[in-house]
Amino acid sequence: MDVSADFVPPIVEWYALSPYIVLLAGALFLLVAGSLTPRWPRGWYAMLTALTAGAAGVVAVLQFAALDDEEPRSLVKGVLAHDRFGLFAVIALCVAVVITSMMASDNATSDTQLAETDSLEPYVLLLTAALGAAVMVTSNDLLVSFLGIEILSISMYVLAASDRRRSTSHEAGLKYFVLGGFSSAFLLYGIALVYGTTGQTNLGGIAVVLADEVTVPRNDAMLLAGVALLLVGLSFKVSLVPFHSWTPDVYHGSPTYVTGFMASLGKIAAVVTLVRLFVVALPARADDWRPAVFVLAVLTLVVGSVLAIVQNDVKRMLAYSSISHAGFMLVGLEAAGHLGSPAATEGAASSLLYVVLYSVLALGSFATVAMVSARGDGNSTSLDAFRGIAKSNPVFALGFTLLLLAQAGVPLTSGFVAKFGVIRAAVSTESYVLAILAMVSAVVAAYLYLRIIVSMWLAEPASDAQPVRIGIAGRVSLALAVATTLILGVFPSILLDLKDLGTNFAR
Amino acid sequence: MSSSPSFAGLVGNTVASSPSSLGFPILTSLVVVPLLGALCVLGFGRMRAEWNRLVALVATITTGALCIWTLQAFDSADGGFQFVSHHEWISAWGISWHLGIDGISLFLVVLTGVLFPLVIAGVNPHHDERQYLVWLLMLEAGVMGSFVSLDLFLFFVFFEIVLVPMYFLIGGWGYDQRVYAATKFFLFTMAGSAFLLVGIVATAILSRDSVGEITFDVVRLAEEGSFSVTAGRWLFVAFAIAFAVKVPLFPVHTWLPDAHTQAPTAGSVILAGVLLKMGTYGLLRFGVYLFPEASVWARPVLYTLAVIGIVYGAISATMQKDLKRLVAYSSVAHLGFIVLGTFALTDQSLSGGVMQMVNHGVSTGALFLLVGMIYERRHTRQISELRGLQQVAPVFAGFFMVVMLSSIGLPGLNGFVGEFLILIGSFDTARWWVIVGTVGVVLAALYLLWAYQRVFHGEPDDANRGFAELRLREGLLLSAFVAIIVFTGVYPKPVLSRIEPSVKSLIEHIESRTEYRQPAHEAEGE
């Protein structure tokens with residue numbers, strides 16, 4: 001390490017940091033101003049949240065575009081990466097916040113009981129969660145990653161428990177908190193061991209040290225233990241089998257818009273962090289971690305899809321399906337581990353695209369679940385609650401059907417583009433077994449989506465069923481999700497032509 | 001050979017007034033017109049209920065007319081791809097919108113174009129006509145797309161997208177076990193597609209070196225691509241699994257009887273008429289054309305499965321109590337013949353196979369229509385509950401008889417031409433399998449004639465005495481089918497002359513790439 005007597009303050013590129021600053025400032029402003037003023041009219045908190053996230057997203061888009069002819073670089077003495085891989089994820093995170101805040105306010109307006117409690121805390125937490133996630137996805141340093149993870153996780157714990165009327169929400173919050181804290185411990189221990197071996201917490205620095213050491217391996221057991229602990233800790237966050245057990249309960253218990261937020265923003269943050277860590281910091285040990293990722297991917301794909309089809313609650317179904325989708329993202333990571341193959345660079349990009357495209361589907365799907373469960377007693381997310389919805393709300397049912405078919409991977413939807421990307425990466429690196437297993441598990445999971453579709457279209461509605469009422473914000477967010485699904489499904493070139501998504505990392 | 005000269009010819013060949021030089025994207029419009037129809041029905045349908053059917057009919061008839069025009073404009077001397085349309089789509093992945101037809105796909109396209117207006121005009125759904133028509137039109141777009149695609153990715157997209165409308169048609173308008181049957185259909189086909197997708201990607205990636213770039217263009221992959229023997233065989237297996245489910249070949253045929261039996265009449269007609277052909281067509285276009293070495297290698301297995309399908313399908317059909325299930329199992333048997341002919345790899349057997357794809361679509365489609373009419377009148381399909389219909393509805397019985405005889409393969413009707421060509425063409429290359437397969441022809445006569453005897457002969461009991469005679473609309477519909485049956489049976493030359501050049505060039509393609517040589521026999525070239 002560069003030990004210097006004089007402290008040289010890092011150069012701070014304020015513009016490059018502006019997405020984080022906007023998110024933080026928005027959160028603080030909302031918290032302070034909201035606390036000092038009487039309750040705002042309905043939807044105003046949401047609007048401010050969406051505007052803040054939107055502004056951060058716009059800045060991120062501009063920076064992303066500027067990187068077209070700039071070299072990626074690291075910020076603040078190398079702790080944050082300013083590259084297209086990270087910025088693309090930041091853009092997606094901001095979109096997730098915008099859609100989630102619209103959903104949250106719509107959920108509130110469609111339910112008078114909730115409307116009285118349309119409080120500002122969840123919105124502040126949405127913004128802080130986004131800040132944590134943005135730090136995670138661009139972090140180029142293990143300690144900063146950890147900071148980001150904690151900011152995100154603590155916001156999520158509170159969000160999960162934020163429905164004060166339901167005990168399942170409290171339970172979800174507590175479960176998430178205990179298991180999340182547990183996994184953070186693993187992660188921290190892993191960071192410590194990796195630091196102990198390499199003397200570095202900087203991802204680029206670790207890579208340099210390890211590359212030097214290839215000929216003379218030192219402290220191999222300690223390093224591998226560290227890598228394993230890192231993998232375990234992040235596997236909790238991504239909810240990979242066998243570290244997934246919290247997912248169904250937490251997804252089920254949390255307020256539905258929070259579940260959508262976890263499945264989108266939480267997934268993006270965790271997966272992107274995982275991919276960046278392994279691809280940037282540990283390429284020299286790819287032969288060591290690739291088999292572990294392979295096993296995790298297979299387990300996640302198979303267990304996620306098989307357990308998904310035996311559920312009878314739509315929220316739990318979608319929770320398991322999100323686990324199975326995480327398996328697909330790992331397929332991309334596994335491909336990225338084949339360093340000898342020229343196609344390895346496709347792996348990281350395909351994982352990134354998968355998680356971003358999936359997050360849109362998850363947001364839309366959980367939004368529809370929230371709308372359906374808002375009728376009647378307000379909490380019923382069982383499959384029966386979806387019976388015959390196509391009769392009363394055909395357009396709504398069609399939208400949800402498209403989102404489900406996209407998750408099943410039917411062509412001309414974004415879900416298929418995502419699947420095709422990872423399968424292509426896997427096949428390019430000759431991981432045929434993984435590719436076929438992934439596709440077969442997708443078929444198993446398709447049964448789950450068909451069950452929901454059957455319930456909506458082919459089952460008779462319950463005699464006392466009322467039509468689903470959807471507020472304007474809900475309509476807009478749902479339309480946005482469906483439009484994205486279709487447009488990117490038919491014209492995937494919009495995304496695929498973006499260069500440097502999975503290559504040219506800032507180090 | 002088969003395609004690159006013609007493809008090059010398309011660009012320069014303006015003198016010969018090649019149809020494709022008209023500049024009208026005829027194949028694209030075959031896909032787009034039904035899709036537009038679906039959107040129109042979806043958009044305007046709420047205003048006047050009667051318009052739905054009108055719009056749907058206009059869309060399908062336009063498509064049908066375009067198909068007929070294609071048939072007439074098709075250059076029967078050219079064995080390559082015609083009416084080619086080629087545009088960039090997803091350039092980052094080497095995927096293009098590449099359409100074209102040759103003698104092999106031509107008649108499947110025409111069959112699709114003709115069947116859809118007929119079923120829309122001829123069969124009414126029992127409820128929710130608007131949605132039903134939307135799904136049917138989307139189905140037509142998907143089926144057309146899969147028959148005209150010359151890009152593997154594009155083909156896969158259409159191949160998969162077809163599942164969705166068919167799923168909803170079976171699940172929404174079918175009979176008692178419809179949800180079970182629809183789900184089984186969807187999952188079986190999708191399981192096959194899992195292998196197909198991996199196979200497609202691997203094909204493109206593995207031929208990167210020989211082609212020079214990653215492309216999903218079938219023509220380029222077939223002409224320029226080369227694989228190691230092992231890789232080619234594995235890829236062929238992946239493709240074959242997907243198409244075997246779709247055909248369906250024994251032992252993955254079990255979804256078919258359920259899907260056929262539970263589907264509404266129109267669904268059964270389309271399923272038998274064109275959807276199953278996507279499997280046999282896929283085997284021919286993507287299996288044999290892309291992997292000549294592997295298809296020569298895999299022939300014994302496919303012959304065996306095909307022959308098991310022929311005999312097993314026929315025996316199962318004999319045992320059925322449900323008339324519709326009987327017809328469904330007869331499909332398994334008939335498609336066995338097509339697969340046998342496809343992989344026997346002689347001019348005659350392949351031409352017969354292609355011909356039989358069309359014939360089976362027409363005859364079995366018509367049989368399903370007739371069974372549907374019986375069900376509408378009697379609300380049962382149980383053979384034991386039907387008796388003596390010939391006395392009360394002689395015209396109906398007459399139509400049934402003609403269609404049934406065509407399915408059996410009576411000389412003079414279309415079924416004979418295809419089956420005979422397959423058997424005679426395969427005799428050189430697959431002798432013992434043909435001998436066993438011929439039993440299937442005899443069994444076909446057994447199960448169909450026996451069923452006819454039980455349903456139409458004898459004295460009608462009280463329940464069957466009220467069986468209504470054929471109505472005018474039904475009569476016109478069936479006449480169209482019978483006209484095709486008789487015409488192609490008596491005068492198959494216009495059909496065969498368009499199929500043969502493409503089949504010949506396909507066989508030359510195989511011979512140029514493998515040790516395989518078509519057995520020479522005196523009859524050739526007469």
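This is a predicted model: local features need pLDDT of at least 70, side-chain atom pairs count only at pLDDT 80 or more; totals for chains, interfaces and linings use all residues.

Residues are numbered from 1 along each chain as its sequence is written, while chains are lettered from A and ligands numbered from 1 in the order in which they are written.

**Stop 1: the nonpolar core**

Select Leu93(A), Ala130(A), Ile268(A) and Leu352(A), the residues with the most contacts inside the largest nonpolar core, which has 404 residues. A nonpolar core here is a set of buried Ala, Val, Leu, Ile, Met, Phe, Trp, Tyr and Cys residues joined through C-beta atoms within 7 Å. A residue is buried if 20 or more other C-beta atoms lie within 10 Å of its own, exposed if 12 or fewer, and partly exposed in between, with C-beta atoms placed from the backbone. Next, select helix α14 (residues 344-374) of chain A, which gives the largest share of this core, 21 residues. Helices (H or I, at least four residues) and strands (E, at least two) are DSSP runs, numbered from the N terminus.

Which residues touch Ala130(A), leaving aside its neighbours within four places in sequence? Ala130(A) is in contact (C-beta atoms, placed from the backbone, within 7 Å) with Leu23(A), Ala53(A), Leu93(A), Cys94(A), Val97(A) and Leu265(A).

**Stop 2: α6 and α11 of chain A**

Show residues 142-160 (α6) and 256-281 (α11) of chain A; these helices pack at an angle of about 170°, with their axes 11 Å apart. Axes are lines fitted to C-alpha atoms, for helices over the stretch in contact, and angles run from 0 to 180 degrees between N-to-C directions. α6(A) and α11(A) are therefore roughly antiparallel, the term for angles over 145 degrees. On α6(A), pick Ser145(A), Leu152(A), Met156(A), Leu159(A) and Ala160(A); facing them in the contact are Val258(A), Phe261(A), Met262(A), Gly266(A), Ala269(A) and Thr273(A) of α11(A). The contact has 8 nonpolar, 3 polar and no charged residues. In this count Ala, Val, Leu, Ile, Met, Phe, Trp, Tyr, Cys and Pro are nonpolar, Asp, Glu, Lys and Arg are charged, and the others, Gly among them, are polar.

**Stop 3: two positive phi angles in chain A**

Lys77(A) has a positive phi of about 55° although it is not a glycine. Look for Lys77(A) in the loop between β1 (73-75) and β2 (80-82) of chain A. Lys77(A) is partly exposed, with 14 other C-beta atoms within 10 Å.

Then go to Ser239(A), where phi is near 60°, again positive in a residue other than glycine. Ser239(A) sits in the loop between α9 (220-238) and α10 (246-253) of chain A. Is Ser239(A) buried or exposed? Ser239(A) counts as buried, with 26 C-beta neighbours inside 10 Å.

**Stop 4: α17 and α18 of chain A**

Select residues 414-428 (α17) and 432-457 (α18) of chain A, which pack at about 155° with axes 8 Å apart. That makes α17(A) roughly antiparallel to α18(A). The contact includes Lys419(A) and Ile423(A) of α17(A), and Tyr432(A) and Leu434(A) of α18(A). By class, this contact has 9 nonpolar, no polar and 1 charged residues.

**Stop 5: where chain A meets chain B**

Now show both chains: 25 residues of chain A are in contact with 25 residues of chain B. On the chain A side, α17, α18 and α20 (493-496) give two or more residues. α18(A) gives the most, with 12 residues. The residues on this side divide into 21 nonpolar, 2 polar and 2 charged.

**Stop 6: loops of chain B**

Find Glu213(B) in the loop between α9 (208-211) and α10 (218-224) of chain B. Glu213(B) is exposed, with 11 other C-beta atoms within 10 Å. Leaving aside its neighbours within four places in sequence, Glu213(B) is in contact with Gly94(B) and Arg208(B).

Move on to the loop between α11 (229-246) and α12 (255-262) of chain B, which holds Pro248(B) and also Pro251(B). The peptide bond from Val247(B) to Pro248(B) is cis, with omega near -5°. The bond from Phe250(B) to Pro251(B) is cis, with omega near 5°.

Key. Angles under 35 degrees count as roughly parallel, over 145 as roughly antiparallel, 65 to 115 as roughly perpendicular and the rest as oblique. Two residues are in contact if their C-beta atoms, placed from the backbone, lie within 7 Å.
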